[in-house]
Amino acid sequence: MLFMTPNVIKNFLSKKATRLYPFEVREPFEGYRGELVNDIDGCIFCGMCSKKCPSQCITVDRTTGIWECDPYACIYCSICVEACPTKCLSMNNVHRKPAATKSMYTLQGVPPKPKKKAADTAEDKPAKEDK
Ligand code: SF4
Ligand code: SF4
């Protein structure tokens, strides 16, 4: 007991190390990766984020224009943000809110127009007139 007394007195007199959450919320620090967001208007549905994601929690559907992420499987590593060619992915420095039920982060964008096949392109071109 005597051995512990200085420690007890020191802790009793020093500032508290804990906060009374949720009444006192800690300010997020710079570069904090709290929430993944996608500015869907800038998304070209290339699928690079989905390919690079180590958690495989992103699904990109080029035909329907749906971009989806499972925020409960995401480990907030930011690899997708670095890999995105259009920089439409970013991290918010806010704490993700707790939830009672799981839900997906689903966004609907404008799907890219399907590429024309070489044969189709040739058909579209007007035939050359014989001279
Ligand atoms: S932050 Fe990491 S784990 Fe989360 S979606 Fe992006 S690549 Fe996947
Ligand atoms: S990498 Fe960026 S542009 Fe490509 S599908 Fe993902 S979010 Fe969209």
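A cavity, as I use the word here, is a set of grid points over the protein atoms alone where a 1.4 Å probe fits but cannot get out. A molecule sits in one if more than half of its atoms lie within 2 Å of its grid points. With that settled, I opened the model, which is a predicted one.

**Entry 1: ligand 2**

The space it takes is the largest cavity. I noted a volume of about 80 Å³ for the largest cavity. The lining has 14 residues, and Cys43, Cys46, Cys49, Cys84 and Cys88 are the closest to the centre. I then asked which residues come nearest to ligand 2 itself. They are Cys43, Cys46, Gly47, Cys49 and Cys84, out of 14 residues around the ligand. I sorted this shell by class and found 11 nonpolar, three polar and no charged residues. For the lining of the largest cavity I also wrote down 11 nonpolar, three polar and no charged residues.

**Entry 2: ligand 1**

Next I turned to ligand 1. It sits in the second largest cavity, whose volume is about 60 Å³. I listed 13 residues in the lining of that cavity, with Cys53, Cys57, Cys74, Cys77 and Cys80 nearest the centre. Around ligand 1 itself there are 13 residues, and Cys53, Cys74, Cys77, Ser78 and Cys80 come nearest. The shell holds 11 nonpolar, two polar and no charged residues. I checked how many cavities of 30 Å³ or more there are, and the count is two.

Ser78 was among the residues nearest ligand 1, and I looked it up separately. I found it in the loop between β3 (66-69) and α3 (79-83). Is Ser78 buried or exposed? Its relative accessibility is 9%, so it counts as buried, the limit being under 20%. Leaving aside neighbours within four places in sequence, I found Ser78 in contact with Arg33 and Met91.

**Entry 3: the largest pocket**

I moved on to the open space. The largest pocket holds about 200 Å³. It is lined by 13 residues, and closest to its centre are Glu35, Pro71, Tyr76, Arg96 and Tyr105. Which element gives the most to this lining? It is strand β1 (residues 35-38), with three residues. By class I counted 10 nonpolar, no polar and three charged residues in the lining.

I placed Tyr76 in the loop between β3 and α3. Its relative accessible area is 13%, so Tyr76 is buried.

**Entry 4: Asn38**

I stayed with strand β1, where Asn38 has its place. Asn38 has a relative accessibility of 8% and therefore counts as buried. I looked up its contacts, not counting residues up to four places away in sequence. Asn38 touches Cys43, Trp67, Cys88, Leu89, Tyr105 and Leu107.

**Entry 5: other backbone points**

I found a cis peptide bond between Tyr21 and Pro22, with omega at about 10 degrees. Pro22 lies in the loop between α1 (5-13) and β1.

Gln56 has a positive phi of about 50 degrees and is not a glycine. It belongs to the loop between α2 (48-52) and β2 (58-61). Is Gln56 buried or exposed? At 69% relative accessibility, Gln56 counts as exposed, because the limit for that is over 50%.

**Entry 6: Ala83**

I checked helix α3 through Ala83, which lies in it. Ala83 and Lys52 are 31 residues apart along the chain, yet I noted 7.3 Å between their C-alpha atoms. Not counting residues up to four places away in sequence, Ala83 touches Met48 and Lys52.

**Entry 7: the chain as a whole**

I finished with the overall layout. I counted four helices and five strands. From the N terminus on, their order is α-β-α-β-β-α-β-β-α. The chain has 131 residues, and buried ones make up 20% of them. I also looked at contacts between residues at least 6 apart in sequence. Of these, 69% join residues at least 24 apart.

Note on methods
Residues are numbered from 1 along each chain as its sequence is written. Chains are lettered from A and ligands numbered from 1 in the order in which they are written. This is a predicted model: local features need pLDDT of at least 70, side-chain atom pairs count only at pLDDT 80 or more; totals for chains, interfaces and linings use all residues. Side-chain values use heavy atoms; hydrogens and water are left out. On a 1 Å grid over the protein atoms alone, a cavity is a set of points where a 1.4 Å probe fits but cannot get out, and a pocket is an open set with protein on both sides within 12 Å along at least five of seven lines; lining residues have an atom within 4 Å of a point. Grid points are joined across faces, edges and corners, and a volume is the space filled by probe spheres set on the points. Helices (H or I, at least four residues) and strands (E, at least two) are DSSP runs, numbered from the N terminus. Ala, Val, Leu, Ile, Met, Phe, Trp, Tyr, Cys and Pro count as nonpolar, Asp, Glu, Lys and Arg as charged, and the others, Gly among them, as polar. A residue is near a molecule or strand if one of its heavy atoms lies within 4 Å of it. Buried means under 20% relative accessible area, exposed over 50%, partly exposed in between (1.4 Å probe, protein chains only). Contact means heavy atoms within 4.5 Å.
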